[in-house]
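Welcome! Open your viewer, have the selection tool ready, and follow along stop by stop.

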Amino acid sequence: VFFGSWDGKIRALDTYSGKLIWEHVSGGAIDSSPTLSFDERTLYVGVWSGNVIAIETSSGVRKWTFRCGNKGVVASPSILSDGTVVIGSWNRKIHAIDPSSGVSKWELDVAEIVEGTAAIDREDNIFVGTSSGDVFSIRGQDGLVNWKHSFGVKCSISSVMSLLNDGTIVFGSDDGRVRFLSEGAFVDAPKMSSMAPPPPSSSSS
């Protein structure tokens, strides 16, 4: 079992006994879940200090550090089909990182803070939301924008993006709503489900 915490450490515990196997000092608080590589040999972690780090799962030894500037990383990394690590951060960029070297493959400036974890479809398209309420579809191979959707209201998106079997993108935002957006096309009137309590009714005296 792997997890990070606000004390800046990433820990590995034995699944059966709960005993500590190793711990790794990351250099900053950790506010999201680590992500395992497909072969389960590497753990990718975003850190509040602005770093994304790769750690060997067997030993807890750091393989590389990728710097996202001086802004925090609170999203969990996502992984493309070729192993490329994709993550957004408070530096208002989406980064694609080579899993072997930790070197940048491309970056995309989305002009707003990114706190939520991206979803990736079978064609390696990336779907991610921003603090201004925009949703981006990005081509994983080169970082080109397929499309951008704005809802016309201020609604910071910090939740994980989820993909349904029919390609619908589902996510929550800080205005208390869960939104549904069709993949690959703009939607004039997306389905919308409110989880926020209804406004208080006004009573006349």
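Predicted model: local features only at pLDDT ≥ 70, side-chain atom pairs only at ≥ 80, totals over all residues.

Two strands count as paired if DSSP finds at least two bridges between them.

Select β5, residues 42–46. Here 5 of the 5 residues are buried, so the strand is largely enclosed by the rest of the structure. Turn the view to see both faces covered: Thr-42, Tyr-44 and Gly-46 lie on one side, with Leu-43 and Val-45 on the other.

Click Gly-46 and you will find Val-52 as its bridge partner in β6. These two strands form a hairpin with 4 residues between them, and in the turn Gly-50 has a positive phi of about 105 degrees.

Next, select β4, residues 35–36, which pairs with β5 in the antiparallel sense over 2 bridges. Thr-35 sits opposite Tyr-44 of β5. This hairpin has 5 residues between its strands, and Glu-40 takes a positive phi near 65 degrees.

**Stop two: the largest nonpolar core.** Which residues touch the most other members of this 13-residue core? Select Ile-94, Trp-106, Leu-108, Val-110, Ile-126, Val-128 and Ile-138 to see them. Strands β10 (93–97), β11 (104–109), β13 (125–129) and β14 (135–139) each supply at least two residues of the core.

Zoom in on Ile-138: beyond its neighbours within four places in sequence, its contacts include Ile-94, Trp-106, Asp-124 and Leu-144.

**Last stop.** A second, separate core has 12 residues, among them Val-73, Ala-75, Ile-79 and Ile-97.

Definitions and conventions. Residues numbered from 1 in each chain as written. Heavy atoms only, no water. Core = buried A, V, L, I, M, F, W, Y, C linked by side-chain atoms within 4.5 Å. Buried < 20%, exposed > 50% of the residue type's maximum accessible area, 1.4 Å probe, protein only. Contact = heavy atoms within 4.5 Å.
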